[in-house]
Amino acid sequence: MNNNAETLLKVEHLCQYFGANRAVDDVSFEIKKGEVFGLVGESGCGKTTTGRSIIKLYDITSGNIFFKGIRIGAGIRSYQEEIENAKKNYKEKSANASPEESARMKKELDALIAARKEDIKKARFDQKNCDKEYAKKLVAEVKAKYEKLLANATPEVKKEYKDALRKAKKAKLATQIQMIFQDPIASLDPRMTVREIIAEGLIIRGERDQKVIDEKVYQMLELVGLVREHAGRYPHEFSGGQRQRIGVARAIIMNPELIIADEPVSALDVSIQAQVINLLGDLRHDLGLTILFIAHDLSVVKYFSDRIGVMYFGKMVELATSDELFKNPLHPYTKSLLSAIPLPDPIYEKKRKRIQYNRLAEHDYSVDKPTFREITPGHFVECNDAEYAKYESMVE
Amino acid sequence: MENKLHVKNLTISFRTSNGKVQAVRGIDFDLAKGETLAIVGESGSGKSVTSKAILGILAGNSIVEGGEIIYDGKDLLKIPEDEFHKIRGDKIAMIFQDPMSSLNPIIKIGKQLTEAMLLKGKARQKESRATFNAYLKALNEAMIKALAKDDPAKAKALTKKCKDFDTFEYKHLDLETPYHNAYQAASDAVPEIKSILFEIEKNAFTDPMERIKQVKKLALDSINEWVVFGAKAGAVRVATETIVNDTKLAKKYGKWETVSKNLEIILGVLEEALTFDMPNFFSMGYYLTFSGEKEIPKLASVAELNAYLRKYLDDNFMLSFIADAKSAIAYSAEASYKEMLEAVICLKKYREVFEAEKLDKKTAYEAYQALAKEVMETVDPLNTVKDTMVYTFGTGLKTEVDKYFGAIVKNASETKRYAKQKAEYDRIVAKGKTPNGEVVPASITDLELVRTNILSQIDRMIEHFENLVAAKSSRDFEAETIALIDFLKANASGIVNKVTKSMAKAKAIKLMKEVGISNPRKRYNQYPFEFSGGMRQRIVIAIALAADPDILICDEPTTALDVTIQSQILELINKLKAERQLSIIFITHDLGVVANMADRIAVMYAGKIVEYGTSEDIFYRSAHPYTWALLSSMPDLDTNEKLDAIPGTPPNMIYPPVGDAFAARNKYAMQIDFERQPPMFKITDSHYAATWLLHPDAPKIDPPKTITDRIARMKERRVEEHE
């Protein structure tokens, strides 16, 4: 993987709270163009929620998500909290301060509130209008392209222009991110034929020419290792592995740059798993896809990903390249996770000792709160000062 | 090792609208006590169907075409549904794949856990009483026959002995139950107190009131004459008196010193109490019943007391009872041997009936009845380990005889049908048209084969009896007597242990703890949706264990769970297996998870077992290409190359392939693989595989490089981590 590649997706301090439940709590990472980023952790740790927040299935609580430099997700909770804290702070301090001091503080507070309110407004706007922005950009591009041609245009070109313009107006940035779901049975509508399932996205995006649609569908089917004849059938006529291939075809027909694969192989038999992983690997190389690969099977993640982030109860606790992570795990939770991987070797397995992880017992965060820090280049761990020193000495 | 379950030549198919799907095609395996057998295969390979057949929950459209599943001397495929009720869930339990769908979403966990206990409790009580009474009666009769044939006074004395045993047996259970409850409460309280103390120390205390109240209750429950007693009991009482109030204050002001001080006092007492010896309640029961004393003598230590009581029991009752029981068992065994010799003569006599070229219906059935009766008479009523061969002989023989006479009728009609259809077919062909569809060949049962089966069954029985008689001198009646008395004790506890709602709750909570659910008292009243996936699976395991089964079938228990939870659940299953001597059938598609679990592994493909061996055999010396494919298609932590996926999909089992079912997806397939099915080749005593590659004439093919590399790599890793 190229280290200097452009950053495709950037997640900043992403928080997703469902009431009191902090499903994702202050998670930050970047995905470079062309890489596979693995996200692992036990069920309920927030990895799926992270994926769904990115594709905007949820409105995020706070934090920012940038895709190709455009802010597609923005939360306002952190700004609101900041205002509240500032107000509280002001109340406490102004009580026993001189009148001048108090007035100065009031002024500062007002300025801060105004700035944050502006931020909130902007975040709300971005959250709603990122697609419009993107469409505007595309429309401008189309107009620029056809400007000269239109001067002495034939009716065909005019029609083409109209078509392109319509599609550009309907374009959504979110379609550049596609998702492959875990359960190949539940994620396909049983009452739609494979053709309808795969083409749905194209039609919504504004494609009207049935010939083009069919051709595209056939192309996708062949790309994922199915045949043209399958287009007319219904999902129930396929085996689990084939259904997952349909799911993949549905995702890549939109020509996405980023695919979020949420446990794409967990529901499949081992032998079929290998087929689907090989397929994703081939597509990644052929189409230059970037993949956010969410899974709990560590052997698969290790095999497939370039970099891996480990999540624990909504927090990202460790992030490194996959070789580094498996060679030098630093965070005790990562160690515990790695010790749980079953390996195909009876003698080794009978001796394997699983390391238990107990957050309370392992860390003392009562005074010194942890943050996400870089220990060696590219290797991040959640730790506080004392642990930082410990990890550094472990690396050396 | 004692075999728990035999599966012989099991064949199952399903009627569907498209034709008959052959799900299981003649598989054989057996399962020993305390062993884990893993059945590995892709979906549709018939592994789940096998497990469902064992549990008698096959779908309505299934046809059991043949075979036997023998458990406890019964063929589970042939026993009536009423009898199956006593086995299903009670002796053979199952854990399903998806914990969400195997729990009822609208019933509280506690109710789901105790439901079966309450229902089975009554039935079990009746059953154990019947067993206990039957064995005691048989023992009494055998004693009289052996020792007091013509002496009514002696006979009376022996009957009284049995009755005395019965009486003080009850008394002992009355004494033992409260002790166990108190001991359990103490051992539950210790880890709970430790965890509370830990949390107080870390200043991260959640839900204190509830847990403190619980600890208080457990501590008070553990105060018992034999567990926590005397001055220590007083100390515990004092420590618990104000603890709830203190917690309230501590919560308000954040001062936990008093609470933790009291907790430490309780912890100290309980930890000490748990190290004490358990009194011998069995002899205590006798002492209190027959010595005329109302109190247990005060002695310095429990060990001394045990020795004293034991001596008292032995001198006055036990030694003579054991001696009598031993002679009774020897007598009964001798009688059984005599019956066996007679049965052998009888078997040899009636064998001639079946040797005839053509069997006569009347004489054949008469012979079957005489033989079944004669063989059943050899059963020794005092033997607690049932001889499966004797019990299945009758049903097995009847099936074969039925098959023989049924086939005579069926063969005729089949031949007729074939002739008719063939004529029709030929007529259409002769007209120059293409007929739609083929003529289904007549399915003719080979009568000769059935007859040979009958004969070999009889021969096996004769051989079995002769072996038993020859091994007569090696029997240890001393050990058998002790085993019988233990068996009686176990059944007696079944009679006494009435299951009330509160007892079921206590047991459920104990089980929840055993399967690793923290705070079970609170969890008991929650609904399934309040549990995470791993916790739900633990509940399912607890429900399966509630009836104390012998055999646990785990149908992909961890497929829906993630790595850490999977590893926890597997550890739990392993722990329970060791503690309860469970036999486990572990069904999975992932060879990776069974390395740690399985003693033996059977790899299934398209309804057949293709390879069978110990877990080392399969992982280090696998011989079947399908096993190779399974092993090499999963990535491990060092895999970098493209995965060796198995191309294609499993065959359609409506039209199973003629040759080796795996041939079409097998890169090592030879011509013969497409033509004939390979037999099971024996590699070592424990390792078998069905592939033509093992035939002496086949070319020598090494396992794929992925596998050999991995074995080498894992060896290095083992050495590395060992040092």
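Q: Starting with chain A, what share of its residues count as buried?
A: That's 37% of the 396 residues of chain A. Keep in mind that this is a predicted model.

Q: Now chain B. How many helices and strands there?
A: You get 23 helices and twelve strands in chain B. The chain has 723 residues, of which 37% count as buried.

Q: What box do the C-alpha atoms of chain B fill?
A: Roughly 105 × 80 × 55 Å, again along the principal axes. For chain B, 72% of the contacts between residues at least 6 apart in sequence join residues at least 24 apart.

Q: Which domains does the assignment give for chain B?
A: Domain 1 comes in two pieces, 1-106 and 549-723, and domain 2 covers 118-317. The C-alpha centres of domain 1 and domain 2 of chain B lie 43 Å apart.

Q: Let's do the eight-strand sheet in chain B. What's the strand order?
A: Reading across, β6-β7-β8-β3-β9-β10-β12-β11 of chain B, as an open sheet with mixed pairing.

Q: Why do β6 and β11 of chain B each have one side without a neighbour in the sheet?
A: Because β6 (92-95) and β11 (681-684) of chain B stand at the edges, each has a single partner strand, so one side of each is left without a neighbour in the sheet. As for the twist, the average is 20° from one strand to the next.

Q: How do β11 and β12 of chain B run, and how many bridges join them?
A: They run antiparallel, with three bridges between β11(B) and β12(B). A hairpin of two residues connects β11(B) to β12(B). If you want a pair to click on, Phe681(B) has Ala689(B) in β12(B) as its bridge partner.

Q: What about β10 and β12 of chain B, how many bridges there?
A: Two bridges, between β10 (608-614) and β12 (687-689) of chain B, and those strands run antiparallel. For Tyr612(B), the bridge partner in β12(B) is Tyr688(B).

Q: Which strands does helix α1 of chain B lie across?
A: α1 (47-55) of chain B lies across β3 (36-40), β6, β7 (551-555), β8 (583-588) and β9 (600-605) of chain B. The angle between α1(B) and β7(B) is about 150°.

Q: Switching topic: how many residues of chain B are in contact with chain A?
A: 42 residues of chain B, against 36 residues of chain A. The elements of chain B that give two or more residues to that side are α18 (563-580), α19 (591-594), α20 (615-621), α21 and α23 (705-722).

Q: Which one gives the most?
A: α18(B), with five residues.

Q: How does that side of chain B split by class?
A: The side of chain B touching chain A has 17 nonpolar, 13 polar and twelve charged residues.

Technical notes: Residues numbered from 1 in each chain as written. Chains lettered and ligands numbered in written order. Predicted model: local features only at pLDDT ≥ 70, side-chain atom pairs only at ≥ 80, totals over all residues. Pairing = 2+ DSSP bridges. Helix = DSSP H or I, 4+ residues; strand = E, 2+ residues; numbered from the N terminus. Axes fitted to C-alpha atoms, helices over the stretch in contact; angles between N-to-C directions. Contact = placed C-beta atoms within 7 Å. Domains from an automatic or database assignment. Buried ≥ 20, exposed ≤ 12 C-beta atoms within 10 Å, placed from the backbone. Nonpolar A, V, L, I, M, F, W, Y, C, P; charged D, E, K, R; others polar.
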